Amino acid sequence: MTSIATEAEAPEASKAPRPRTRTLAGRSPRDLLGRAAVYLLLAVAVVTVAFPVYYAVAGAFMGPSELSSYPPALVPHSVTGRNFSGAVDAIPLARQYANSAIVATVITLAQLFTSVLAAYAFVFLPLKARAAVFGVFLATLMVPWEAIIIPNYLTLSGWGLGNTYFGLVLPFLASGFGTFMLRQAFRQLPGELRDAARIDGAGHWRFLWRIVVPLNKPALAALSIYVFLSAWNQYFWPLIITRTANMQTLQIGLTSLRDSEMADPGLILAGVVLSLLPTLALVVFGQRFIVRGLTAGAVR
Amino acid sequence: MPTAPHTAPRAGRRNRWGEHGLAWAFLLPSLVVFVLFIGYPLGRTIYLSGHANDLFGAPSRYVGMKHYTDLLTSADFRRTLVTTALFTLFTVVPGVLGALVLVLLLENRIRGVRLLRSAFALPFAFSVASASVVFAVFFNPASGVLNGLLSHVGLGPIGWLTDSRYALVSVAVTTVWMNLGYNVLVLSAGIGSIPGEIVEAARIDGASGLRLARSITVPMLGPNLFFLTVVSTVHALQSFGQIHILTKGGPDGSTRTLVYSVYEKAFAYGSSDFGTASAQAVVLLVVVLACTAVQFGVLERKVHYA
């Protein structure tokens, strides 16, 4: 998209004949002052934004005496791994980690599958009530989940699925957003592709999995990251649909670390650091995909 | 090609029948999920809001609009609405403006832009729960970093989460931090899509710094800022985790927003007052739908969905 284009243009712009004159000496004092202010503001902003991240990591390695010292220590003097083992002892962390991984993976794969099929139907198949059906998909985007959480809780408890994996994933196996995003991507494919595939004797099923899906890997990656992050980070639904520590997801486990009798900040921060590993990896390595996903509904 | 018309239409027609069936088969999995977990619960929420329920939450008798009229006359609920509005204001305005300032500062051809942009995107990796428990550690009145820093400048310990004057602001600060990564990513993408020639032309005309931002960048970001404001508002209205973790609606109900009130009535402390909770859920639904309607109403002229 255009963001890629500007990145590519940027080096050329800086290669323009300006650099010589743009030395320190060539600048007016007012210009220099302005730049100093920009750097100062940015420095303050970076410290403010990054400090909680830094402190979570640093605190996770501090001993209890440092964490409760007054005024608080900002740098761990003796690095300890005790908080991590302590967190593992306090809650069934491994089990909750697995729960979160299972739930987020199942939701991601299921949403990819259902969204790919639905988007394909909208783009490549004839449909009488296309506008109306698409309207239904769009309408699902506007309903706040919190407003319909009570009947969903009653439904799934009524089916005996409270405190089960099925209860955790069932409502999230399809998504209007995923369908909308993939439909936008599929429409970019040239129509001749389908004609060519038809002439080669490929039916819809084969065309979908052999041509459409491989050609849309970036959009599918963006959707996967987005769905996985949202599922991994869910809070309200797992809070009410699970009852036992063994069925809770990691996010609920973190809260129980805070609410527990001891509420040791070291254990809490160690738990946070562990819970961040997968999402941090996704944010760092998948940033360009995330941007694409985030702005799919925005104006271009 | 002249020989084709004889066979093609018939084969085509049969094929098209099959294709219609295939289309519905492809849509079916999604539609089933939507009907069971969005459509039905929507109707059911409205149904429940018109019924009283027994102690176990089962609807017992039809009471019409009683739950709504009760809400309208309840001072507690009015306070909940005010708290919700304040929380939205405290998170959306600083969140959007803060991200705008950061993104504009990053436009100043400075060194290490990529690194900085990644730093600002860091909070995006945090879930509601992880961000909230980290801030809970900060806000701790005795051992928290915030009061520690305050004590250096001689200011007394503040009950960030236990004093009803500060609790809502503290929860809002946590929320602003949590959403900053998302906001920066959205606005960066917006700036990236401003045509380079326009910015170059303005620079050649001598515009830079504040002037460039005021006359070119901010106006060009208009649609993105609007999108971000609406999305942030809807997110703020739906906020739950940070309130549940940090304050549980307290102290003294000072952080009880609409969503939190729904949770309290329906699920907290063994309460199963699904009737009242559903009426509040319907209020939430109407407010969120109104925000979304504004978005679509304004954007309709600018975006082509079909």
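Patches are groups of residues that each have over 30% relative accessible area and no salt bridge, with like charges joined within 9 Å and nonpolar side chains (Val, Leu, Ile, Met, Phe, Trp, Tyr) within 5 Å. The structure is a predicted model, in which local features need pLDDT of at least 70 and side-chain atom pairs count only at pLDDT 80 or more, while totals for chains, interfaces and linings use all residues. Residues are numbered from 1 along each chain as its sequence is written, chains are lettered from A in the order in which they are written, and side-chain values use heavy atoms, without hydrogens and water.

One nonpolar patch on the surface is formed by B:Val82, B:Leu86, B:Leu89, B:Phe90, B:Val93, B:Leu97, B:Val169 and B:Val173, which together have about 640 Å² of accessible area (from the Shrake-Rupley method with a 1.4 Å probe, where only the protein chains shown count as cover for residues). Two or more residues of the patch come from each of helix H3 (75–106) and helix H7 (167–192) of chain B, and H3(B) gives the largest share, six residues. Helices are DSSP runs (H or I, at least four residues), numbered from the N terminus.

The contact between the two chains (heavy atoms within 4.5 Å) is summarised below.

| Item | Value |
|---|---|
| Residues from chain B | 97 residues |
| Residues from chain A | 97 residues |
| Area buried between chain B and chain A | about 8600 Å² |

The buried area is the accessible area that the two parts lose on being put together, summed over both, and carbon and sulfur atoms give 77% of it. Helix H1 (residues 8–49) of chain B gives the most to the side of chain B that touches chain A, with 22 residues.

Between chain B and chain A the count is zero salt bridges, a salt bridge being a side-chain nitrogen of Lys or Arg within 4 Å of a carboxyl oxygen of Asp or Glu. Over all chains, however, four salt bridges are found. In one salt bridge the side chains of A:Asp195 and A:Arg198 meet at 3.4 Å, N to O, and both residues lie in helix H10 (residues 192–199) of chain A, three residues apart, about one turn of the helix.

Terms used
Buried area is the accessible area (1.4 Å probe) that two parts lose on being put together, summed over both.
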